[in-house]
Amino acid sequence: MAKGAIIQPTNELLDKVQALMCRKRFYCFVETFWSVIIPEEPVFNWHIPYLCEELQKLAYYIVNRLPKPYDIIINIPPGTTKSTIVTIMFPAWLWTQDPSLRVISSSYSSDVSLDQAQKSKDIITSERYRRLFPEIMIRRDKSGKGYYGNTAGGERYVTSTGSAVTGKHAHIILNDDPQSPKQADSEPLRLQAVEFTKTLSTRKVNKKNTPTITIMQRLHEEDVTGYLLKRKGDKIKHICLPAELSDQVKPAELKANYVNGLLDPVRLDGDVLAEARVDLGSRAYAGQYEQTPASASGNIVQKSWFQHISRAQFEAMRGGATMHFFLDTAYDEKHGDNDPSGILAACKIGQQLFVYHAQKVWKTFPDLLAFLPEYCNTWGYTKRGSTLRIEPKANGISVVQQLRRSTDLNVTETPTPKDSKATRLSTCSPKIECGRVVLVDGDWVDDFMEEVAGFPTQTHDEFVDILCYAIDYLLLKDITLPKGMSKARFGGIL
């Protein structure tokens, strides 16, 4: 070889260097394997290398079987690559440190858990990973989607909130979104997530060594993060990164990394956050993006969110809009000894829901049946377009059956509720907050706003039920018209 000639590195040498760099720094691993599972160009905001470094620090104790210094809670908004880093890439990187490690990962949904584990497996079985770390191979007899292992004894086991976790123990536990935002206001589902978190804590190879990493947005004061901070706050490293700069940022020194008051000015800029605030409503936005969940007793809806219009203005603009009626039934043999029935008349004009009238009545079954046609006809019922939609609880079904036999009203049942009343109102609240619910002036309005805005502390909540049904039917889904009718008949206005 001539003197001074430059020796070109071989592909094998380049692979060894890259493998060494990936083993040395988890963040380098993330950069290297990003394209294996994500086609979009990465945006490596400062919080990504920070989280990688924190996970790498904890990995030192896991790999060397040393007593863990703490568990970790990561509270961070959606769309910040949290699951990609912690639940997908971190387990694949840990096997480059010690292929005998066993991992348990969980989420609120088995589908989500399985998808995360599969993406991690996609990295491990990729050509690039096999080239850099040829010693790590998935066993043929342990190669499932929710449970797989390697030839060195390492395993990945997947579970989900509420599922059984038996016979498995891990060197690290990843609890990624133990509860979904839609479940936040359900006390039974919150308790289920907390109890399952307790169950996961029993699935450790060594309680002194095995850490738990919890990754989630704040959803409620008593969510899993709230429970863990109260129970073992001094044994947890709390990383809290709200979308906008505030005193919620933890550790406090991370405030210096915010750019113009934003966590991620590229992916979570002012326009994106403004849209999220409208879509979610201020209450859900506060939890998911600001990491400041509302109190369980806090109001879901504010009175000031409702829009108002005079009856004269409404009649002038109503045109061919079709009125629909929503009924929450209650009756007994004696007046006043039961909860009232609540009924609401509403229509959709443009993208707004107009509540024409709402009323509560205490009536026996025969009196209620006589009252309903009268009420509907008074407040704008039309035979060829309107519907009377009744909550399908036991007495509601009886009302539906009798009205179909004795009247010509277009009677149908509302969908059977699957979520709690608080969850349903939270889902509907963004529509109210952004001005899409308009109340037509009348002597009923004050009582209506008092009950809805006072929920869940009010004695009665019939107005909450029927308002949620109206919003769900008229604003959250397309209207299904009676057979033979079309939207064109009403000039596009429903």
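Helices α2 and α3 lie oblique to each other, a label given to angles that are not under 35 degrees (roughly parallel), over 145 (roughly antiparallel) or 65 to 115 (roughly perpendicular). Their axes come within 8 Å and cross at roughly 125°, with α2 spanning residues 26-37 and α3 residues 47-63. Here axes are lines fitted to C-alpha atoms, for helices over the stretch in contact, and angles run from 0 to 180 degrees between N-to-C directions. Helices (H or I, at least four residues) and strands (E, at least two) are DSSP runs, numbered from the N terminus. From α2, the contact (heavy atoms within 4.5 Å) uses Phe-26, Tyr-27 and Val-30, while α3 supplies Ile-48, Pro-49, Cys-52, Leu-55 and Gln-56. These residues divide into 7 nonpolar, 1 polar and no charged; Ala, Val, Leu, Ile, Met, Phe, Trp, Tyr, Cys and Pro count as nonpolar, Asp, Glu, Lys and Arg as charged, and the others, Gly among them, as polar.

The model is a predicted one, in which local features need pLDDT of at least 70 and side-chain atom pairs count only at pLDDT 80 or more, whereas totals for chains, interfaces and linings use all residues. Residues are numbered from 1 along each chain as its sequence is written, and side-chain values use heavy atoms, leaving out hydrogens and water.

Next comes the sheet. It is open, has 8 strands in the order β3-β4-β5-β2-β6-β7-β1-β8, and shows mixed pairing; two strands pair if DSSP finds at least two bridges between them. At the edges stand β3 (138-143) and β8 (236-240), each pairing on one side only. From one strand to the next, the twist averages 15°. Strands β2 (residues 102-107) and β5 (residues 155-160) run parallel and are joined by 6 bridges. Within this part of the sheet, Ser-106 stands opposite Thr-159 in β5. Helix α5 (residues 110-124) packs on the sheet, touching β2, β3, β4 (147-150), β5 and β6 (172-176), and its direction makes about 160° with that of β5. Another helix, α8 (residues 224-232), lies across β1 (71-75), β7 (212-216) and β8, at about 145° to β1.

What of the cysteines, and how many disulfides does the structure hold? There are 0 disulfides, a disulfide being a pair of cysteine sulfur atoms within 2.5 Å. For Cys-28, the nearest cysteine sulfur is that of Cys-22, 4.2 Å away. Cys-28 is buried, at 10% relative accessible area; buried means under 20%, exposed over 50% and partly exposed in between (1.4 Å probe, protein chains only). The sulfur of Cys-468 lies 4.1 Å from its closest cysteine sulfur, in Cys-428, which is too far for a bond.
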